[in-house]
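Work through the exercises below with the model open. Each task is followed by a stepwise solution.

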Amino acid sequence: GLRNHGNTCFMNAVVQCLSNTAPLAEVLALGRYRAPAGRAEVTHRLAALVRALWTRDYTPQLSAEFKNIVSKHSAQFRGNAQHDALEFLLWLLDRMHEDLGTASPAPQTRGSEEVGDPRWGGHTGWLGVRHPRGQSFVQSHFQAQYRSSLTCPHCLKQSNTFDPFLCISLPIPLRQTRALNVVLVLQSERRRFLRVGLAVPLLGTVAELREMVAREGHIPPEQVILAEVSLQGFLRSLGDSEELGAAGEGAPLYAFQPPPTRRPGCPRSLPASPGPAQPEAQHPLPSAARSSDCLHRGASSRVLLLLCNTASDGHRLARFGPPLVLREERGISWEQLQQSILGQLRALLRAEVRAQGMGVPLFRIRLAEGMEPCTYLSPQDPHPLCHPAIDRALQLSGSGGPPHVRLMAEWDLNTKERLFGSVQEEAVEDAESVGLQQQAHRQQPSCTLDECFQLYTKEEQV
């Protein structure tokens, strides 16, 4: 190492860099340079310092003498103030260039048109011009030139300009993706819930995420419903035009596949209830029973519902069981809707209550649309899904995926424990991609110098 003589870390860092630049270190350490008599004090001291580093003969006196010579020739670096290492490097290279007896050649004006390499349109810059006094070692090894080509998109005429440079600031390629876990809720008996890991673009949109989820679940993109589901229930659904920046950060992200639609004219069969069903639930609803005030305004006769079950202890709500996806007739009664929900939860019901009748309302249902005050569906309403709030929710469901309504079933804690016991959230299987994406994005991104140059010279539209 080099002794710090009072805020000389910027100087020591530059000396170490130049000492480890093999062509320059060889020229300095072996004295393979020529300098006019009485000049090149800075270069001589630097050469002595580099030689001492490579022969292990370094003493703090050598770096102190180098600092004194630098202070003698540059008032900027006198004293013990802090300085920028790159600024000192540029000064030192320029000083070495002058010490070795060649003034820096004046660069050609931008757009110079020297006859040269036909691959550059017959142009070379100042590098193609031989200067009568020749180039110094510093210039030939540390100086280069840009060739900037500008092509008109209309007439396709190309203009080439040349600029010399001694240093460039290269951009570092940053990771363009982040790991995002999505829970797929599929209509499959073999695999209902599956958590997959995706590498989503940082600057992408929800539409791109929808395509990725569709490929993972092998379902059409237009059938995917993306929603954030927290420990308390639904937060929001995601529309295609939204940016992906904050998606999945507020709560885990779920992708729902709607149940298949029945062909028109097929009879409606309700899921089996935990107890004996009412007679009207065992037969298709007559057309008169499906009519309501909202249906004649053009609303669909069937509605897609996303539903979370929550239990309240009087202070807070906690989600339990899996989120459900139902497709129901708008004209069904509260009892039929309750039977449909219980049918989806039948596997979670305690054995001793499966044979009991469930004729009374067991929970309250409200819309999870973030509206104030909360909108609850009434068990006394003959057609609760025809509430005007359902129509508003369908209109506000956003672009991307089929229109749907998010509902929250709020259970009393005692009722929930009597029917379901200590059931918590759904069990989700992790795909192999979850671990792979987390591991890939946990590692510090690395890049080569060539990749930095490729990003720096990447073509762009002006």
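Rings of Phe, Tyr and Trp (its six-membered ring) pair if their centres lie within 6.5 Å. The model is predicted.

**Exercise 1.** How many aromatic pairs does a search of the whole structure find? Classify the pair of phenylalanine 234 and phenylalanine 256 as stacked, edge-to-face or tilted.

Solution. 
- The search of the whole structure gives 14 aromatic pairs.
- For phenylalanine 234 and phenylalanine 256, the ring centres are 6.2 Å apart.
- Their planes meet at 55°. Stacked needs under 30 degrees, edge-to-face over 60. The pair is therefore tilted.

**Exercise 2.** Which strands hold phenylalanine 234 and phenylalanine 256? Decide whether each residue is buried or exposed.

Solution. 
- Phenylalanine 234 is in strand β8 (residues 233-237), phenylalanine 256 in strand β9 (residues 253-256).
- The pair therefore ties together parts 22 residues apart in sequence.
- Buried means under 20% relative accessible area.
- Phenylalanine 234 has 8% relative accessibility, so it counts as buried.
- Phenylalanine 256 has 1%, so it is buried.

**Exercise 3.** Where is asparagine 12 found, and which residues does it touch beyond four places away in sequence?

Solution. 
- Asparagine 12 is in helix α1 (residues 9-19).
- Its relative accessibility is 12%, so asparagine 12 counts as buried.
- Leaving out residues up to four places away in sequence, asparagine 12 touches Leu2, Arg3 and Asn4.

Key. Residues numbered from 1 in each chain as written. Predicted model: local features only at pLDDT ≥ 70, side-chain atom pairs only at ≥ 80, totals over all residues. Heavy atoms only, no water. Helix = DSSP H or I, 4+ residues; strand = E, 2+ residues; numbered from the N terminus. Buried < 20%, exposed > 50% of the residue type's maximum accessible area, 1.4 Å probe, protein only. Contact = heavy atoms within 4.5 Å.
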